[in-house]
Amino acid sequence: MAKIPVLQNILEANEAIAGQVRQRLERAGIIAYNFIGAPGAGKTSLLEQTLPRLRDRLPAAVIEADCATARDAERIKAFGVEVVQINTGSGCHVPAHLVLLALDSLPLERIRLLAIENVGNLICPAELDIGESGKIAVISVTEGDDKPQKYPMLFRQCCAVVLNKVDLIPHTDFRRERFENDLRAVNAGVPLFGISCRTGEGVDAWVEWLIGQTARE
Amino acid sequence: MFIRAFRRVAGADRSAAFMHEYAIAEALVEQIERVAREHPGCTVRSAVVAIGGLRRIVPDILRFGFEIAAADSAAAGADLVIEHVPIRFRCNGCNAESVVDEAIYLCPACGSGDVTALSGDELMLKSVDIEDGQDSGSPEHP
Ligand SMILES: Nc1nc2c(ncn2[C@@H]2O[C@H](COP(=O)(O)OP(=O)(O)OP(=O)(O)O)[C@@H](O)[C@H]2O)c(=O)[nH]1
Ligand SMILES: [Mg+2]
Ligand SMILES: [Zn+2]
């Protein structure tokens, strides 16, 4: 019997491809955000609120990743925005090689922002680099106020947190202060946007931040 | 534009919790196959992985996922040895170094959330134990 030493990161193959994605996006001058959140947190709703507000200000395209169906892509298409739907089957996250493939069918020379909606899941997408410029954590008040400590990988790495469905706070036991304290404990400086995709509350502030990020590039 | 990447997970529970470990198991099998290809005819007996506590991998679920992902591959039937790497933090407030059981980013000494992880995010294939196939059959071969 021979022991063959390897000492390699198990996700190394993915990381190499993520590097290729990042290089292509950087060359094209595109900032790419990876939207991560539980199923139903409101990732697609957030894009539906955001895209019309970006019109004439920031040309954008979308990659939608779901286990099955092209429903989310259909919702985005309604806004006249270029979208690629990826179906991951039983995969719980989108791997970098599918993003690389999707880039081939997007008009990279015409866009400045690429929004990638990851598969609804708080764990795996946070661990897998897909070549994004930053991760956006999307969480809704109905999921409870204890998530930052329970899913620290995501909340530590993300560059912004969108707290959605604030219109429902009166109907839940969500304590905003506890959520913020928990979040600050894992990520002291991260911008937090409390929004409602139902009423539109808070969406403008989020959109201004987003536009500001691309201006800084 | 539409991209499909269906994978077959024969009869396995498709819950997100399982898929998390399964995705890692799949990547692991690919890596082991690469090692096996460099030693034509070998049999893979076991693989040693180091997994940090921050990864929140459930060892039994990873082993189960590995068994499924390894079927029909060079890693089929191999043992998966999982070494747990404890989570170690250094507190940027009080400078204390501590080992914690749970992936909660709080200094046990002073309660500060401003901690730096020193270890715990490992996800590494350390080594693969193979038996060479070219040599005359070794006695312990079944
Ligand atoms: N009350 C309320 N409902 C919301 C809000 N945002 C989204 N919803 C609802 O929440 C449900 C899920 O929203 P989606 O945008 O599809 O969620 P998602 O995160 O894209 O879901 P997946 O792609 O399936 O993971 C829909 O029924 C939305 O109408 C909100 O701010 N307030
Ligand atoms: Mg969606
Ligand atoms: Zn301390």
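Author: The dialogue below treats the ligand shell and then the sheets. This is a predicted model, in which local features need pLDDT of at least 70, side-chain atom pairs count only at pLDDT 80 or more, and totals for chains, interfaces and linings use all residues. Residues are numbered from 1 along each chain as its sequence is written, chains are lettered from A and ligands numbered from 1 in the order in which they are written, and side-chain values use heavy atoms, with hydrogens and water left out.

Reader: How many residues surround ligand 1, and which are the closest?

Author: A residue is near a molecule if one of its heavy atoms lies within 4 Å of it. Here 20 residues surround ligand 1, and the closest are A:Lys43, A:Thr44, A:Ser45, A:Asp167 and A:Cys197. By class, the shell holds five nonpolar, seven polar and eight charged residues; Ala, Val, Leu, Ile, Met, Phe, Trp, Tyr, Cys and Pro count as nonpolar, Asp, Glu, Lys and Arg as charged, and the others, Gly among them, as polar.

Reader: Which side chain has an N or O atom 2.8 Å from an oxygen atom of ligand 1?

Author: A polar contact is a pair of N or O atoms within 3.5 Å; within protein, one must be able to donate a hydrogen and the other to accept it, and residues adjacent in sequence count only if both atoms are side-chain atoms. The side chain of A:Thr44 provides the atom at 2.8 Å. From the backbone, an N or O atom of A:Gly40 lies 3.0 Å from a ligand oxygen, and a polar atom of A:Ala41 is 3.3 Å from one.

Reader: Which element gives the most to the shell around ligand 1?

Author: Helices (H or I, at least four residues) and strands (E, at least two) are DSSP runs, numbered from the N terminus. H2(A) gives the most, with three residues.

Reader: In what order do the four strands of the open sheet with mixed pairing stand?

Author: Strands of a sheet pair through backbone hydrogen bonds, either parallel or antiparallel. Two strands count as paired if DSSP finds at least two bridges between them. The order is E1(A)-E7(B)-E2(B)-E3(B). E1 (2-9) of chain A and E3 (79-85) of chain B stand at the edges with a single partner strand each, so one side of each is left without a neighbour in the sheet. Within this sheet, E2(B) and E7(B) run antiparallel, joined by eight bridges, and B:Thr43 has B:Glu131 as its bridge partner in E7(B).

Reader: Which three strands form the open antiparallel sheet of chain B?

Author: They stand in the order E5-E4-E6. E4 (residues 87-91) pairs with E5(B) over four bridges, and B:Arg90 stands opposite B:Glu97 in E5(B).
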